[in-house]
Amino acid sequence: MAQGFKATPRGYTAQFSATEAELLGKLFNDVATALTPDEQPDKDPLAALIGITENTDMPEDPAVARMLPVASDDPEVADEYRRYTELSLRQHKIGNLKLAHMQVQHHNITLNDEHAQAWACALNDVRLTLGERLNIHSEEQAEKIGEYTNNNTVETVEEYMSFVYNFITWLQDTLMEAMLSQLPDDN
């Protein structure tokens, strides 16, 4: 069974069983794949180099749209923001997910501050994706999903996804608590 993140003198450590590591790796990979933009072969090479896209449409996949939200109520501002930031934001998120995917293969991991931040972002993107797939849009729905903490009681795909969502939430909480414990006191 997983041992959540703890702050140690060496960094942030966690341990995963082979099954848990495989699950996390698959989740990180699946979300990275969902974030990969559609190829545009006729795209301006200079625009591609600096990360500008002509497509300012919201992503069709609701989970990807949740990870790349609208930046403004003003449609013109939102389109301009998406045009100049979406590709680099996708690349940054994919990079975090790939780093976490690679590191989780070791089962026993130790993260430095930079990698802990990447993991926190990757876990958040997995949670957002699972939350959208489970249609969590209210406190009531979140509470219902929160009931699935024992995989021995899981009988349906939705219940399994709920269990996984809760596992990811717990894991992210342990990482955030470990990171917060290392912040200097303001006293």
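**Contacts, charges and salt bridges in a predicted model**

Among contacts in the chain between residues at least 6 apart in sequence, 70% join residues at least 24 apart. The model discussed here is predicted.

Colleague: Which order of elements does the chain follow from the N terminus on?

Modeller: The secondary structure of the chain comes to 7 helices and 3 strands. Read from the N terminus on, these elements run β-β-α-α-α-α-β-α-α-α.

Colleague: What percentage of the residues in the chain is buried?

Modeller: A residue counts as buried when its relative accessible area is under 20%. The chain has 187 residues, and the buried share of them is 40%.

Colleague: Is T13 buried or exposed?

Modeller: T13 is placed in strand 2, residues 11–15. Leaving aside residues up to four places away in sequence, T13 touches G4, F5, K6, T8, I109 and T110. Because its relative accessibility is 15% and the limit for this class is under 20%, T13 counts as buried.

Colleague: How far apart are the mean positions of the positive and negative charges of the chain?

Modeller: The chain carries 13 positive and 32 negative charges. Their mean positions are separated by 5 Å.

Colleague: Where in the chain is D57, one of the residues in the patch of negative charge?

Modeller: The surface patch of negative charge gathers D38, D57, E60, D73, D74, E76, D79 and E80. D57 has a relative accessibility of 56% and therefore counts as exposed. Its place is the loop between helix 2 (45–50) and helix 3 (62–67).

Colleague: How many salt bridges does the structure hold?

Modeller: Side chains of opposite charge can pair when their charged atoms come close. Such a pair is counted here when a side-chain nitrogen of Lys or Arg lies within 4 Å of a carboxyl oxygen of Asp or Glu. The number of salt bridges in the structure is 6.

Colleague: Why are D30 and K26 separated by about one helical turn?

Modeller: The side chains of D30 and K26 meet in a salt bridge, at 3.1 Å from N to O. D30 is partly exposed at 37% relative accessible area, whereas K26 counts as exposed at 52%. Both residues belong to helix 1 (residues 18–35), and the separation is about one helical turn because they are 4 residues apart.

Colleague: Which residues are linked with E86 in a network of salt bridges?

Modeller: E86 and R90 form a salt bridge with an N to O distance of 2.9 Å. They lie 4 residues apart in helix 4 (residues 75–104), so about one helical turn separates them. E86 and R90 are both buried. The residues linked with E86 in the network are R82 and R90.

Colleague: How many residues apart are D125 and K93, which link distant parts of the chain?

Modeller: D125 forms a salt bridge with K93, in which the closest N and O atoms are 2.9 Å apart. The pair joins distant parts of the chain, with D125 in helix 5 (residues 113–133) and K93 in helix 4. Both D125 and K93 are buried. Their separation in the chain is 32 residues.

Note on methods: Residues are numbered from 1 along each chain as its sequence is written. This is a predicted model: local features need pLDDT of at least 70, side-chain atom pairs count only at pLDDT 80 or more; totals for chains, interfaces and linings use all residues. Side-chain values use heavy atoms; hydrogens and water are left out. Patches are made of residues with over 30% relative accessible area and no salt bridge: like charges are joined within 9 Å, nonpolar side chains (Val, Leu, Ile, Met, Phe, Trp, Tyr) within 5 Å. Accessible areas come from the Shrake-Rupley method with a 1.4 Å probe; for residues, only the protein chains shown count as cover. Lys and Arg count as positive and Asp and Glu as negative; His and the chain ends are not counted. The place of a charge is taken as NZ of Lys, CZ of Arg, CG of Asp or CD of Glu. Helices (H or I, at least four residues) and strands (E, at least two) are DSSP runs, numbered from the N terminus. Buried means under 20% relative accessible area, exposed over 50%, partly exposed in between (1.4 Å probe, protein chains only). Contact means heavy atoms within 4.5 Å.
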